[in-house]
Structure formats: C-alpha cells, structure tokens
Amino acid sequence: MAKNGTLLWIDDEIELLRAHILFLKGKDYEIDTATNGRDAVDRCRERSYDLILLDENMPGLTGLETLTLIKEVQPTVPVVMVTKSEEENIMNQAIGAKIADYLIKPVNPNQILLTLKKNIHKKDIITETTNTNYQQNMGRIAMQIAGAATHVDWVEVYKNLVYWELELEHADTNMSEMLRMQKQEANNLFSRFVRREYEGWWKTNSLCPTGISPSMGSKVARNQKSPSVEGGGGDGASPLLSPHLFRDRIFPLLDKQEKVFLIVFDNFRYDQWKVISHELTNEFAFEEELYYSILPTATQYARNAIFSGLMPNKITEMFPELWVDEDEEEGKNLNEAPLIQTQIDRYRRRNTFSYHKINDAQGTERLVSQFKQFANYDLNVVVVNFIDLLSHARTESKTLRELTGDEAAYRSLTATWFRHSPLRELFTLLAESDYKVVITTDHGSIRVNNPVKVVGDRNVNTNLRYKLGKNLSYNPREVYEIKDPRKVFLPSPNVSTSYIFAWGENFFAYPNNYNHYVSYYRDTFQHGGISMEEMIVPLVTLTPKKR
C-alpha cells in the first residue's frame, strides 16, 4: 500500500499526464486513472481514495456531473478540480459542490503536490509543526511562569498557556500532557502570588470598595462621570477587579453617548471565549482584555460585586436587604437589578437600563423578540446562565461527563451550544445595530482532582472550593486562610468567621464517607477558589464591523 495515500486521477487526456503521475509515484502515492466519468464512478464503488483529481471538461459526463455522482458514493473524499476553464460560473458551481481545491491547467507537479499536502497531510503537518514549535517554546514558557511577579505578568502567562492549549488541541499531539504539567505548575505559583498579594490589592485609594475613591468622589458627583483608572489600580500594583467593571469600563462608554449591551456569561472561562469568538469574528471587531475576579470566585460574591460596584461586606452594610447570607435558602443572585440601580444612583448618573436573566432557549427567544425595545435604554444587561448550568449538570450526569471528558470537549460543547442557541441570533441583531457590546463573566472554573480534608459544623457552606465558618478544622498549609474577612471586605456572619480557599486542582472533602465523596467530585468543574481559570477572566468590547 502506498505510504502517502491512494489517488484517482480522472482526465480524458490522461496519457499527457504520465510525467506528473510518475512524479507522484516517486513521492509514494498510488495512483489509479480513469478517462471518463462513468469509469471513475465505478472505480469509486470498488475502492476508497484519499483524494481525487478531476478534469472538468470531458466527453460524456462533465466534471461537475461526475463530481455529484462521486459524492454520492464517497461523500467525504476530497476532490480537486483540474481544468482549463477560468469561467467564474464554473468555479462557483465547483466551489458550491464543496470541492477541496481548484487548479487551472497547465499544472506543474509542485502545484499538485501542494494540494495533496493541504488536503491529505494537513493534520499531520500541523501536528508536527505545532509539536516542534511548542517544544521550542517550552523553556521560554517555563521562564515566563517562574518570573511572573505582577498581576500583568500572570495575565500574560495565562494567555500564553491558553494559546498553546488551543493549538495543541487541534494538533492532536502528545505534547498536551507536557502543557498540562506546565499549567499545573503555573497554577501552584499563581496561588502563591495571590496569597501573597491579595490583601494588598485593597489598600490602594483608587480601589476603595465603596465604589468611589475619596479623592474623586466630589468630582464624580459634580460631573456625573466615573473615574477611569488604567489597569484598575492607581499605581499599577492592583488589577482591575470585579467591583470596578462598571466604573472603569461601562460608565466611560456611556459617557461617550454609546448605547451599551452588557452580556454576562455566568462561569465563563477565557478559553471558552476564544472558541466562541470564532463565531463572531466576521461580524465584530474585538477589544479583548482580562480582569481579576474577587474571592470567592462564586456568583454570590463576584457578580454581586460587579453589579453593585461594592465589595460584599459593603453591600451587607449599605444595602442589607439586597444581600443573602450563605446559610439562607433564598437564591443568592435575585437582587441584581436593584444592585445595578444602587451603583447608578451612587455615582449620581441618569442612565436608564434594562436587566434580563436567561436560563434556557425559550427565555432567549423571548429576549430576541423584544430586541427593538432595548433601544429605549442607555444600558441593557443580560445574564446568561447556560454555561454554569452545564458545569453543574456535568457533575450530576455521567452521560454529560462522558461527553465533556476534558477541557477540549468542554470547550467544544460550549461552542456547539452557542452556534445553535437562539443567543446566536441576538448577536446577529447586535451586529446590525449601533450598540457597543461588552462580554464578560463573574468567574471561571477549574477541573478538580486533588481532595483536601476539611471539617466543619452543619452550618458550613457546601462549595467545594471555599469554606467559611467559625469552627473550621484544616491543614493551614493546604489552604489560603483569611482569619479577618474585613481585610478583604468579606462579610462576617459571626465574630469568629474565617474563610479558607482551595487552590490549583484541589477541592475540599469531608472525612465522613470520604472515598465516595472524593470519587463523586473528582474530575468535575468547580469554582470559588484560586486558579488562573477561575480568577483571570475575559472582558471583551465588541464593535459591529458595519460601523
């Protein structure tokens, strides 16, 4: 059997192509020939081919007619049209029939060899090239990880790792395991960075958790504008964090008289954004950045901080009726529209806004049907819960866990959902509008594998990545502990309440029924703790290209 593949070349002047055929045989291709469409179709019924070269202008069946019959027999075989015709309608018909390539006679052997490489060996060539490129970059990536010292450095590390994760996924290479190990090491070092720096992020005046810095407050009230701080922190030592998205990114757009459509995907990772972005690249221009979710990286804390512009303990102090404690059964994110209003009022702004939360296709369809009404508002906020629902459903469903066995499959399912969801229609409408579209999230998630034992009373919360309570028992070397929540502006239901956070791929497990608990939750996607995937999340501004 030919090493490089088996070809069928169909041409009524095949004798004139003997030099080309000998050249390809010398490159380890096996070649069958046919001088008319009928014989070619019969050969396709007898054996499979890796690629077919097809002349368009033949007596009897034309090339296009032959192509149709071949596709009925071997629908997936790549067919390259080789013809003297440069007529545009012939090209259009051939492309419409899903040919793999189109060559104009006279062709030379290297042209043919190139189309074979593109259509038969592309995956192998990409795999080899990507494999080589990653190997050449492994040392540089390791140095980048080891040298990361600031929040900006860690954003660049994470972007680089996600880039290679996506590249190696398409290349189907065993280098993925090497990358996974580098990512683990990066997350371990990132957790050290966060544990060392997190409290310090809240000591900068420009990050005052009341939402308006002391030095800017009167100016904001007077001009009805919000301060925009480069990178989130006044001196660059602190990143842009959850409570400051409206202040630093949404309000400045409104100040420019832009109509803004803010779409918040619950539990949305940067790699998931990258695969969804491919669906939107023809319609929108992107301004992409990453910001840091606060701890805990959970909806109750991070998303409420986004919408209120406040840290959680400030919400409990200023608007206690809008905060729901961990031990209460009430939904933790039912007051988002009122929280947005408090932030607009606090900045003394006059912007109008709408708020919608969608959990399923029907809700999305209703939203799309109301699209014209959104023009009545300066700001439209939409929360999309599907990805978070998918993450939780994967934990409960063995079938879904099989379908999303790793990050690549998880990304793929996210992209498939988006492509076929009514939400895609909303983006089509937005692309035809004058809105500035902002896509972001409250936090991401990480696939957990390593159990860490923790003991608490019956009032301890159920999240696997963070715990809070007054009688927690744990190994302090295995967690990030915050014994005084006030230092990071977190609520303290009791005087002795402390918080602990899991990092990397760790998750908290109780000693009771330990083995069952660990088996059930290992290899699930969780959030609430410290990892690049959970904390460093996308914030993207989309401008319709028609503008």
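Modeller: Strand 16 covers residues 498-501 and runs antiparallel to strand 13, with four bridges joining them. Strands pair if DSSP finds at least two bridges between them. Strands (E, at least two residues) and helices (H or I, at least four) are DSSP runs, numbered from the N terminus. The whole sheet is open and has three strands in the order 13-16-15, paired antiparallel. Strand 13 (466-469) and strand 15 (480-482) are the edge strands, each pairing on one side only. On average, neighbouring strands here are turned by 15 degrees against each other, direction ignored.

This is a predicted model, where local features need pLDDT of at least 70 and side-chain atom pairs count only at pLDDT 80 or more, while totals for chains, interfaces and linings use all residues. Residues are numbered from 1 along each chain as its sequence is written, and side-chain values use heavy atoms, without hydrogens or water.

Now for the helix contact. Helix 11 (residues 270-280) packs with helix 18 (residues 407-420) at an angle of about 35 degrees, their axes 9 Å apart. Axes are lines fitted to C-alpha atoms, for helices over the stretch in contact, and angles run from 0 to 180 degrees between N-to-C directions. The residues of helix 11 that meet helix 18 include Val275 and Ile276, and among those on the helix 18 side are Ala415 and Phe418; contact means heavy atoms within 4.5 Å.
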